[in-house]
Amino acid sequence: MCEMTDEVTVRVLLIEDSVADTTMIRRLLEQAWSTQCVLTIANTLEAGCQLALDGHDAVLLDLALPDSQGAETCKTLIAHAPDLPVVVLTGSDQNELAKQALQCGAQDYLVKGRIDAELLSRSIQYAIERKQITERLRVSQLRYRTLVDASSAIVWSAARQLEFLEANSDWSEFTGQETADLLGR
């Protein structure tokens, strides 16, 4: 079961149009977190997008909604709320659909009817953690890129097999080659 202190409250947005599935998810979250989970429900993607920026920690997203279907549902929500971790909940266990959802930016993909309270709570917690780690990495990469670009030295990097990875503008000026032309070579 999920181990959380009394001070921690997880705010979850469930975007689901099925009353039966909403009831099941609510029951599983209550088993996992009891009073430590605040659940907000939207039954369309449009309503979910409006609620997504209201201070939620994670989203549980059905891919079959009245106003959106499939991986496009995930793309639309993530484009609207890119900083919010998304866990896809669907009745389909198609590997291709799961792969598309993850490529769109979902943190996890769970099949309804095959989840229990522990799996659901763990998936939400890990999704939140992965999103936070990803954001820290993005900020670190931006900081690194800013330092490299601002440097007056020639900076370039290559992979172990001498595959060209990146260089700053000083490298391009010195060599007369565009870095984009050499990436992966």
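R145 and D149 sit 4 residues apart in helix 5, so about one helical turn separates them. Their side chains meet in a salt bridge, 2.9 Å from N to O. A salt bridge here is a side-chain nitrogen of Lys or Arg within 4 Å of a carboxyl oxygen of Asp or Glu. Helices (H or I, at least four residues) and strands (E, at least two) are DSSP runs, numbered from the N terminus. R145 is partly exposed at 23% relative accessibility. D149 is also partly exposed, at 40%.

The model is predicted: local features need pLDDT of at least 70, side-chain atom pairs count only at pLDDT 80 or more, and totals for chains, interfaces and linings use all residues. Residues are numbered from 1 along each chain as its sequence is written, and side-chain values use heavy atoms, with hydrogens and water left out.

**Salt bridges**

The structure holds 10 salt bridges. Salt bridges with shared partners join E16, D21, D62 and K112 into one network.

| Pair | N to O distance |
|---|---|
| R145 and D149 | 2.9 Å |
| D93 and R114 | 2.8 Å |
| E72 and K75 | 4.0 Å |

The pair E72 and K75 belongs to helix 3. These two residues are 3 places apart there, so they are separated by about one helical turn. E72 is partly exposed, with a relative accessible area of 45%. K75 is partly exposed too, with a relative accessible area of 45%.

D93 and R114 form a salt bridge between loops. The closest N and O atoms of D93 and R114 are 2.8 Å apart. D93 lies in the loop between strand 6 (86-90) and helix 4 (95-104), and R114 in the loop between strand 7 (108-111) and helix 5, so the pair ties together parts that are 21 residues apart in sequence. D93 is partly exposed, with a relative accessible area of 41%. R114 is exposed, at 58%.

A79 is found in helix 3, which covers residues 71-80. With 63% relative accessibility, A79 counts as exposed. From A79 to R145 is 66 residues in sequence and 24 Å in space, C-alpha to C-alpha.

Q125 is found in helix 5. Q125 is partly exposed, at 24% relative accessibility. Along the chain, Q125 and V139 are 14 residues apart, and their C-alpha atoms are separated by 21 Å.

S157 is placed in strand 8. At 19% relative accessibility, S157 counts as buried. Leaving aside neighbours within four places in sequence, S157 is in contact (heavy atoms within 4.5 Å) with E163, F164, L165 and E166. S157 and S123 are 34 residues apart in sequence, and their C-alpha atoms are 36 Å apart in space.

I154 lies in the loop between helix 5 (117-150) and strand 8 (156-158). I154 is partly exposed, with a relative accessible area of 40%. Together, I154, W156 and F174 make a nonpolar surface patch of about 370 Å². Patches are made of residues with over 30% relative accessible area and no salt bridge; like charges are joined within 9 Å, and nonpolar side chains (Val, Leu, Ile, Met, Phe, Trp, Tyr) within 5 Å. Accessible areas come from the Shrake-Rupley method with a 1.4 Å probe; for residues, only the protein chains shown count as cover.

**The largest pocket**

The largest pocket holds about 240 Å³ of space. A pocket is an open set of points on a 1 Å grid over the protein atoms alone, where a 1.4 Å probe fits, with protein on both sides within 12 Å along at least five of seven lines; lining residues have an atom within 4 Å of a point. The largest pocket is lined by 14 residues, and H56, D57, D83, L84 and P85 lie nearest its centre. Helix 5 gives the largest share of that lining, 3 residues.

Methods: Buried < 20%, exposed > 50% of the residue type's maximum accessible area, 1.4 Å probe, protein only. Points joined across faces, edges and corners; volume = space filled by probe spheres on them.
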